[in-house]
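This briefing walks through one protein chain, topic by topic. Keep the structure open while reading.

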Amino acid sequence: MTTTRRSLLTQGAKPLVSFRAGLYAILALVVYGLSWYYNGQLIPLLAVESIVLMIWGVMVWWPCLRAGLIWPRGFLPLFMLSWFIWFGLTLFWSESPYSSWFYFWVLGSLPLTFLIAIMIPELTAEVFWTWFWRGILLSAWILGGMALWQYYQGLVTNIALTNLRPFGPLLDTNSFAAWLNLLFFPVLVLYFVKDGRRRVSFLRGGIDPQAFFYLLTLTILLLAFFSTSSRGGLLAWICTMPFAVWGLWRLPAARSRFLMVAALVIIAFLLMDYAHGYDLIGHLSPSYITSNITTVSRKLMWIATWHMYLSHPWLGTGIGSYFLNYPAYRLPGEMASAGTYAHNDYLEYLAEGGLINLGFLLGFAGVLMYALYRLLYRAGQALQMDDEKRLTALGLVLGVFAITGHALGNFIFYNLPLSVLAGLFMARSWRIYGNSGNTQPLLPKIGIHHGFIAQGILLLGVCVASWNLVADGATYAFLSDNTWLNRVIKNPRQRAELLLKVADILTAVRPLATQPHVYLANTYLTLAEHDTRMDAANRRSLVQAALHQYQQSLVGIPQQSGVLNSIGTLYLTQGKLLGLDATQRQRQTLLAWRHGLAIDPESISLRNQIAQLAYADQGDVQGGLAFLRAGLKRPLFPYPRSELLLDIALMQWRADEKAAAEKTLLRILHENPAYTPAVSWLQSIHRQADLHAAGS
């Protein structure tokens, strides 16, 4: 081939490379943007984000599989592939497979985005990263602006100082601080690199536009970061900054740039922590940490998490099942958290997936340490690359390193945008410092000589996963948060009929989904109880169908105390239709209720129902009171605790222990003066006493 022809072919390929790179960048930014507001709740967002991620993955992997899968050499790609496969395998032994399915996409997005990004061809990858990085910089400004706006809104509305902590699009301000750290360090390094091109001092008018933009971005990120007043974020920043200083100190005029950054840090701290009385530094003191309720509660959470692991030491309870199991392990005194996450990803990985799961996360941390060693040791001379590339990789690694350290005291990788961005940052940095060529095609070596076989398997997996994700999104939209349907269908009867059909379809196409089964069960039970024209045989069929649907809902997530409560109530009220005598009805009811109480020992309704049926209704009032009082030893928030004390007072009153009941009511008001039922009851008692005294 002549040189001219080769040049023409290269020029002809450039538009195609640019188009693919732009398309990949758009898909990656869409994935990143959709992940912002998921927060473990908006399932349709997760479904769309995961489907777009898979579409991007298919587009990247399709030609690779057709060519026989030319795999990148090195440890990290194989490690990430093994990690992603491990997350998939855990779904098969998870105690809560339906819940684990969602966290598979959240936690698995880190290795998955890495595996997609490293398979992009070299020329395309460079253009892709240029466009993607511009989107990341835009997101840094959006997040910073969001933080400052939330901070300002808190100031003008006189919000309590403890709540004057922006959280951006997340539900947790500490995780938001970790996100800002993830963006800060790559921007910091690029500011040093770009500003190093100047040959004229800043004071003499020497301004590099790119460097100045990065300096402004650093400013907005620092202001946003210190507005969060995050101790964990600050500790992660302090622990990561020495590595940044080590890597950047040898650059020309590094001292003046560090002085500039230090000045920005001080100004940001003075401005944003003023409203808090500059208490951020004081909150890092050992005396404060050992006495503060949030840190004390975390210690108790970590002990409970360790107990959870000891109960399931081999394979754990299943990823994403922590919040379902935690109520049974919550320790007295831990009342500062909702119990959703362990606030320590390493411990939570251990409890949910056992030692292997923890090993992968520790291995990832080890990879980061090794990457820092390679990028910093002797200024990276062994890598044989220019400083700009090496330092760019260093900044990306430092950002991921900061959030991995922060994961020791917060839930970090359970936030979808952080996992997505960490995987992409690691892929880019690995391309720079760790890529050592590709293997020969692997599929022929394992006996697959036709790439379309692997392509078919990939397409089948994507279709099955997308099918389930679409069903999950529909379940949420129609059965969990369906207020939008009121505006679309005005007629309540038509709305109910549509929801019934949707629930019926979803139970067939997504058997593990819990909500459709519960919806059908409630509907069947309501029909059986309220349709007086129905004969006994039809009512029995409806009750049996309701019981079956309740039981099916426990397959995907067994730890549903509310469903077990409904099953017990069904046996109690409709057990006669099922052919059960009084003793059998009571036994089945108590069995379901006690199972539910074991899952959620903080359930006041279940405890009260058991006390009534198992003790008070049998004439053992003192046994019922003892059972209720045992619940006071459990960790209870103020309102549920008042509810339980009110139930105790009611049982005392019915047992003609009026003085003891009044004493219990006074105890409620002493602990919770705003508890209205106790106030109303005491006022009624006093009015009756006054009337009785006046009459006599």
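How many helices and how many strands does the protein chain have? It has 27 helices and 0 strands. The model is predicted. Along the principal axes, the C-alpha atoms fill a box of roughly 110 × 65 × 50 Å.

**Overall packing**

- The protein chain has 696 residues, and 52% of them count as buried.
- Take the contacts between residues at least 6 apart in sequence: 73% of these join residues at least 24 apart.
- The largest nonpolar core holds 166 residues. W56 and W83 touch the most other members of that core.
- Beyond four places in sequence, W83 touches L110, P111, Y349, F360, L361 and F364.

**Aromatic pairs**

- A search of the whole structure gives 52 aromatic pairs.
- One of them is F79 with F360, a tilted pair. The centres are 5.7 Å apart, with 50° between the planes.
- Why does this pair tie together parts that are 281 residues apart in sequence? F79 lies in helix α3 (residues 75-90) and F360 lies in helix α13 (residues 345-376), so the pair bridges that separation.
- Both partners are buried: F79 has a relative accessible area of 9%, and F360 has one of 14%.
- W653 and W681 form an edge-to-face pair. Here the figures are 5.6 Å centre to centre and 65° between the planes.
- W653 belongs to helix α25 (residues 638-654) and W681 to helix α27 (residues 676-695).
- Is W653 buried or partly exposed? W653 counts as partly exposed, because its relative accessibility is 26%. W681 counts as buried, at 16%.

**Charges over rings**

- R134 lies over the face of W131, at 4.7 Å from the ring centre.
- R510 places its charged end over the ring of W101, 5.4 Å from the centre of that ring.

**Second largest pocket**

- The second largest pocket contains about 1,200 Å³ of space.
- Its lining has 36 residues. F84, I85, F104, L458 and G461 are the closest to the pocket centre.
- Which helices each supply at least two lining residues? They are α2 (43-66), α3, α4 (97-118) and α16 (451-480).
- α16 provides the largest share of the lining, with 8 residues.

**Largest cavity**

- The count of cavities of 30 Å³ or more comes to 1.
- α15 gives the most, with 4 residues.

- T404 sits in helix α14 (residues 387-406).
- T404 counts as buried because its relative accessible area, 3%, is under the 20% limit.
- Leaving out neighbours within four places in sequence, T404 is in contact with Y346, F364, A365, L368 and F413.
- F364 is also among the residues that W83 touches.

**Backbone: positive phi**

- Most residues other than glycine have a negative phi.
- N158 is not a glycine, yet its phi is positive, at about 55°.
- N158 is placed in the loop between α5 and α6 (173-195).
- H343 also has a positive phi without being a glycine, at about 60°.
- Where does H343 lie? H343 is in the loop between α12 (322-325) and α13.
- Are these two residues buried or exposed? N158 is exposed, with a relative accessible area of 68%. H343 counts as buried, at 12% relative accessibility.

Terms used: Residues numbered from 1 in each chain as written. Predicted model: local features only at pLDDT ≥ 70, side-chain atom pairs only at ≥ 80, totals over all residues. Heavy atoms only, no water. Core = buried A, V, L, I, M, F, W, Y, C linked by side-chain atoms within 4.5 Å. Buried < 20%, exposed > 50% of the residue type's maximum accessible area, 1.4 Å probe, protein only. Contact = heavy atoms within 4.5 Å. Phe/Tyr/Trp six-rings, centres within 6.5 Å; stacked < 30°, edge-to-face > 60°. Lys NZ or Arg CZ within 6 Å of the ring centre and 35° of its normal. 1 Å grid on protein atoms, 1.4 Å probe; cavity = no way out; pocket = protein on both sides within 12 Å on 5 of 7 lines; lining within 4 Å. Points joined across faces, edges and corners; volume = space filled by probe spheres on them.
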